[in-house]
Amino acid sequence: MRKTLKTLQGMRDRNEKIAVLTCYDSSFASLLENNGIDVLLVGDSLGMVLQGRDSTLAVTLEAMAYHTACVASGAAQAFIMADMPFGTSQISPRETFVHAAQLMSVGAHMVKIEGGEAMAETISFLTARGIPVCAHIGLTPQSVHQMGGYRVQGRSEQGAKNLLREARAVEKAGAGMVLLEAVPAVLATEVTAQLQVPTIGIGAGVNCSGQVLVLHDMLDIYPGKKARFVKNYMQGATSIGEAIRNYVREVKSSNFPLKEHSF
Ligand code: KIV
């Protein structure tokens, strides 16, 4: 049976961890869901891991729609979340709706938008019109130049207060899920406790409602620099299927991430 946002909310309410991986094609979509992945994230990380660029900034809506359609054709049970690429959600809520609708029409069940309070009006506009939104806060890779690099966010007292405010604002605006990237584990724990919707962490400690990694990082395919929060699941595995099952088992039993993967 297809997993829905309601399924994921129920998992969060029962303290059952949500296992998420990025996915960009049909074969991996069916392999991942058959090995226990709940949510497939068609991430704009495809700009780096598929296209070989040094950031996500050049990814187009057309590329996102193409890969979302590929994933949708291979997934019968998983919930599919698709990234709004750089430049498609920043101008106005109306334009964002038109762009998001393109991803929903090819098979996404939710769109992910980078940004907090500044995106509240857009989140509210989309969710009021039938498009579920996941708000991505903390380290937002599309703002890499504004942030001055890929840095951990919310380390200072003021930074932590700001992040909590952003999280409350996006939930109030209607976000059905919040993705926390590269934030201290204690802060992610606090955000998760204060919100009613699921939080998905990447470099955000073990207490989020679920975890996500970039597929090419955890399978050790990506040749670029690895972040501290990445674990190589091919180590000790004899197949990709086994690596995925090990990831799912560790996420579900709170054995990933460990302190060494957290801030
Ligand atoms: O694009 C992506 O893969 C993401 C993850 C880093 C969460 O947004």
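At what angle do the axes of helix 2 (residues 26-34) and helix 4 (residues 61-74) cross? The two axes cross at roughly 45° and come within 7 Å. Helix 2 is therefore oblique to helix 4. Angles under 35 degrees count as roughly parallel, over 145 as roughly antiparallel, 65 to 115 as roughly perpendicular, and the rest as oblique.

The model is predicted: local features need pLDDT of at least 70, side-chain atom pairs count only at pLDDT 80 or more, and totals for chains, interfaces and linings use all residues. Residues are numbered from 1 along each chain as its sequence is written, and side-chain values use heavy atoms, with hydrogens and water left out. Helices (H or I, at least four residues) and strands (E, at least two) are DSSP runs, numbered from the N terminus. Axes are lines fitted to C-alpha atoms, for helices over the stretch in contact, and angles run from 0 to 180 degrees between N-to-C directions.

Helix 2 passes helix 4 in a right-handed crossing. A crossing is right-handed if the near helix is turned clockwise from the far one by less than a right angle, and left-handed if anticlockwise. Helix 2 contributes Ser 26, Ala 29, Ser 30 and Glu 33 to the contact, and helix 4 contributes Cys 70, Val 71, Ser 73 and Gly 74. Contact means heavy atoms within 4.5 Å. By class, this contact has three nonpolar, four polar and one charged residues. Ala, Val, Leu, Ile, Met, Phe, Trp, Tyr, Cys and Pro count as nonpolar, Asp, Glu, Lys and Arg as charged, and the others, Gly among them, as polar.

On helix 8, the contact is made by Ala 160, Leu 163, Leu 164, Ala 167, Arg 168 and Glu 171. On helix 9, Leu 187, Glu 190, Val 191 and Gln 194 take part. The class count for this contact is six nonpolar, one polar and three charged residues.

Helix 1 (residues 5-13) has Leu 8, Gly 10, Met 11 and Arg 12 as its buried residues. Buried means under 20% relative accessible area, exposed over 50%, and partly exposed in between (1.4 Å probe, protein chains only). These buried residues pack against strand 1 (18-22), strand 2 (39-42), strand 3 (79-83), strand 6 (177-181), helix 9 (185-194) and helix 11 (240-252). Just after helix 1, Asn 15 has a positive phi of about 65°.

Val 39 lies in strand 2. Val 39 is buried, at a relative accessible area of 0%. Beyond its neighbours within four places in sequence, Val 39 contacts Leu 8, Ile 18, Ala 19, Val 20, Leu 21, Phe 79 and Met 81. Thr 88 sits in the loop between strand 3 and helix 5 (93-105). Thr 88 is also buried, at 10%. Residues up to four places away in sequence aside, Thr 88 touches Leu 61, Glu 95, Thr 96 and His 99.

The structure holds zero disulfides. A disulfide is a pair of cysteine sulfur atoms within 2.5 Å. Cys 70 has its nearest cysteine sulfur, that of Cys 23, 9.5 Å away. Cys 70 counts as buried, at 18% relative accessibility. The sulfur of Cys 134 is 11 Å from the closest cysteine sulfur, in Cys 208, too far for a bond. Cys 134 is buried at 0% relative accessibility.
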